[in-house]
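Subject: Structure handover

Hello,

Here is the structure for your files. My notes on charges and contacts follow below it.

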Amino acid sequence: MTETDVQAPAVEETKPEGNEENATATVSTTEAAIIRQLEYYFGDANLAKDKFMKDQIAKDEGWVPLDVLLTFKRLKSLSEDKKVIVDAIAKSDEGLVEVSEDREKLRRHPERPLPEMNEERRQEIYARTVYVKGFAPQNGTTMSELVEFFEPFTKVTNIVMRKYHDKPTKKYLFKGSVFVTFAEKEQCEKFLAQGPLKYKGKELICKMQNDYYEAKKVEIKERAEKIEERKRKKEEGNNALLAQLPTGACVFMEGLGKETTRESIKEVIRALDETLEFAYIDYQKGDASGYVRFNKQDAGKQLLEKLTDKKLKIDDAEVTAELLVDEKETEYLKKIAEEQAKRKVNAKNKGRGNRGNNNRNHHSGGNNKRKRDRNAEQQEDGDGGEPPVKKDATGKEATKPTAESEAKAAAE
């Protein structure tokens with residue numbers, strides 16, 4: 001599965017102009033599908049980014065062998081008979097695809113050169129492209145269904161199924177939204193002006209692609225501002241806790257024995273000065289170092305004044321004590337304030353969680369589904385200024401026909 005499936009819409013069943021041989025011929029459903037696929041392969045949207053097709057076109061004056069085109073799964077699923085394929089494209093009145101004299105190769109007509117994809121061209125395409133959201137992402141909406149849905153509108157030239165990479169399943173899943181490009185800007189405006197559209201009973205959101213991008217820019221900016229606001233409030237809260245912590249009250253101890261415990265540290269310190277009040281001893285048994293934090297201002301200084309050469313003996317181990325000052329003290333107290341803030345949040349969340357704990361296990365499946373849906377919505381916000389280039393499973397641009405051209409033509 002690719003990040004984005006793209007597809008040209010179905011060709012109208014019509015008689016080709018100027019072709020007396022086929023003047024009375026009609027286009028069957030299968031032939032219309034074949035025409036749709038071939039004109040997509042050789043169309044502007046695909047050739048602008050399909051490296052494999054561009055490489056094939058460069059080899060032989062634009063001619064691409066039918067044997068190569070039949071390696072594309074989508075076309076192959078419609079027909080493996082070269083005669084059927086050639087007869088079908090001969091009925092198209094678009095004039096885009098030309099058949100070789102030996103009927104073994106196809107090419108984009110030389111009189112229909114590929115437009116240069118520059119910024120002006122890109123903006124021109126955006127100006128006739130709409131964003132439509134509201135299709136069922138989890139109910140297996142297919143490209144064929146979308147082509148059928150947009151077929152009545154004149155004239156749709158390209159449909160892009162927007163997808164995101166779902167990390168749990170390692171698959172690209174449909175977001176439920178598409179980009180639909182029309183041949184002319186006026187046709188695009190007419191589509192938007194006709195009023196609300198529904199798909200399987202659900203009203204669709206329709207807007208110009210440029211309006212969608214502008215709205216996303218505003219949404220991303222607002223989200224970033226909210227994140228910054230949360231960071232600011234968090235920092236303010238941490239600073240408030242930091243201001244409540246006494247300074248000159250933190251002592252770093254190094255050289256502690258493997259059997260030393262918090263109680264043995266307390267006993268030694270109390271023996272030196274029983275007026276000292278402990279806030280917390282940041283130490284685990286077996287560690288060679290730890291911190292002692294007191295409740296009162298300058299209590300650490302008070303302890304150091306009782307020591308000779310900053311040494312004290314704990315459980316037969318000679319321990320060196322260091323009073324934290326300046327940057328060392330600030331960094332340690334910041335860490336303490338952050339931990340205190342986290343404990344407050346966790347305690348608050350735990351209280352909320354306990355109220356619904358009895359039903360938690362019964363709703364895990366629903367939670368997972370909601371999470372997937374949220375992921376799909378969040379991926380909506382990750383779009384850049386251009387429709388994405390499809391990639392293979394490794395994240396690289398595909399170069400093989402089955403991974404590049406066929407994936408772009410759309411997965412079933």
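This is a predicted model: local features need pLDDT of at least 70, side-chain atom pairs count only at pLDDT 80 or more; totals for chains, interfaces and linings use all residues.

**Notes on the model**

Gln194 is partly exposed, with a relative accessible area of 43%; here buried means under 20% relative accessible area, exposed over 50%, and partly exposed in between (1.4 Å probe, protein chains only).

Residues are numbered from 1 along each chain as its sequence is written, and side-chain values use heavy atoms, with hydrogens and water left out.

Gln194 sits in the loop between α9 (185–193) and β8 (198–199). Helices (H or I, at least four residues) and strands (E, at least two) are DSSP runs, numbered from the N terminus. The Gln194 side chain reaches the backbone oxygen of Phe191 at 3.3 Å.

Arg74, in helix α5 (residues 73–78), is buried at 5% relative accessible area. Its side chain makes a polar contact with the side chain of Ser144 (3.3 Å). A polar contact is a pair of N or O atoms within 3.5 Å; within protein, one must be able to donate a hydrogen and the other to accept it, and residues adjacent in sequence count only if both atoms are side-chain atoms.

**Salt bridges**

The structure holds 27 salt bridges, each being a side-chain nitrogen of Lys or Arg within 4 Å of a carboxyl oxygen of Asp or Glu. One of them joins Lys155 to Glu94, with the closest N and O atoms 2.9 Å apart. Lys155 lies in the loop between α8 (143–150) and β6 (156–166) and Glu94 in the loop between α6 (82–90) and β3 (97–99), so the pair ties together parts that are 61 residues apart in sequence. Lys155 is partly exposed at 36% relative accessible area, and Glu94 is partly exposed at 29%.

Lys285 and Glu259 also meet through their side chains in a salt bridge (3.6 Å, N to O). Lys285 is in the loop between β12 (278–282) and β13 (289–294) and Glu259 in the loop between β11 (250–254) and α11 (262–272), so this pair ties together parts 26 residues apart in sequence. Both Lys285 and Glu259 are exposed.

Asp44, Arg108, Arg121, Glu124 and Arg128 are linked in a salt-bridge network.

Regards
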